[in-house]
Amino acid sequence: MTDYVPSMLVQLAVASGMVFVTVLLHGTGIAALARKLQFDLTGEEHHHHFTLGIAIKVLSVVFGLFALHGVEIWLYAGLYLSLDAVANLETAVYFSTITYAAIGYDDSAMATQWRLVSAIEGVNGLLLLGWSTAFFVTVVARLRR
C-alpha cells in the first residue's frame, strides 16, 4: 500500500464515479434481464399454479441478479487493487463483498486513505440490493397473478 493520501474530495470523486458506473450497469442489467426472459411486467400474464416455466423464470432472475451483483463487487475489487488500497486480489474481492453487502466485518485490509470509498460502496451496495429485491418481488408477484 502506498503512502499517497488522497484528499477527501478525490475519494468522493472516485466513489461517485463508481456509484455512477454501478447504477448505470445495474439499471441496464435489470432491463436486459427482464427483456431477455420476456417478462411481461404490465401484469397481463396470469399463472394461477406453480409450473416448471415459472420456476425457471424465478431461478433465472435469482442467478441473473446474483451475477449482476458479482460484476459490481468485482468492479470495486478491481478499483481497490488499482488504487493499491488492498494487498491482493483475494483480499480485494473479500473486502468488496462484505462491504457491498454492508456486512462490514473488518476494514483492516483497506488502506486508511481510501476508506471513504469503501464506506460509500456499502451505501451503494445497499441501494442496489434493495433495487434488486424490489425487481424480484415485482417479478414473482406478476408471475403469481
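What share of the 145 residues in the protein is buried? Buried residues (under 20% relative accessible area, 1.4 Å probe, protein chains only) make up 34% of them. This is a predicted model, in which local features need pLDDT of at least 70, side-chain atom pairs count only at pLDDT 80 or more, and totals for chains, interfaces and linings use all residues. Residues are numbered from 1 along each chain as its sequence is written, and side-chain values use heavy atoms, with hydrogens and water left out.

**Fold and surface**
- The protein has four helices (DSSP runs of H or I, at least four residues) and zero strands (E runs, at least two residues).
- Its accessible surface (Shrake-Rupley, 1.4 Å probe) is about 8,400 Å², with 69% belonging to carbon and sulfur atoms.
- Of the contacts (heavy atoms within 4.5 Å) with a separation of 6 or more, 74% join residues 24 or more positions apart.

**Confidence**
- Mean pLDDT (the predictor's confidence in each residue, from 0 to 100) is 88, and 88% of the residues score at least 70.
- Confidence is highest in helix H3 (residues 89-100), at 96, and lowest in helix H4 (residues 115-144), at a mean of 92.

**Packing of H2 and H4**
- Helix H2 (residues 52-82) packs with H4 at an angle of about 170°, and their axes (lines fitted to C-alpha atoms over the stretch in contact) are 11 Å apart.
- H2 and H4 are therefore roughly antiparallel (angle over 145 degrees).
- Residues in this contact include Leu65, His69 and Tyr76 in H2, and Leu128, Phe135 and Phe136 in H4.

Note on methods:
Buried means under 20% relative accessible area, exposed over 50%, partly exposed in between (1.4 Å probe, protein chains only). Axes are lines fitted to C-alpha atoms, for helices over the stretch in contact, and angles run from 0 to 180 degrees between N-to-C directions. Angles under 35 degrees count as roughly parallel, over 145 as roughly antiparallel, 65 to 115 as roughly perpendicular and the rest as oblique.
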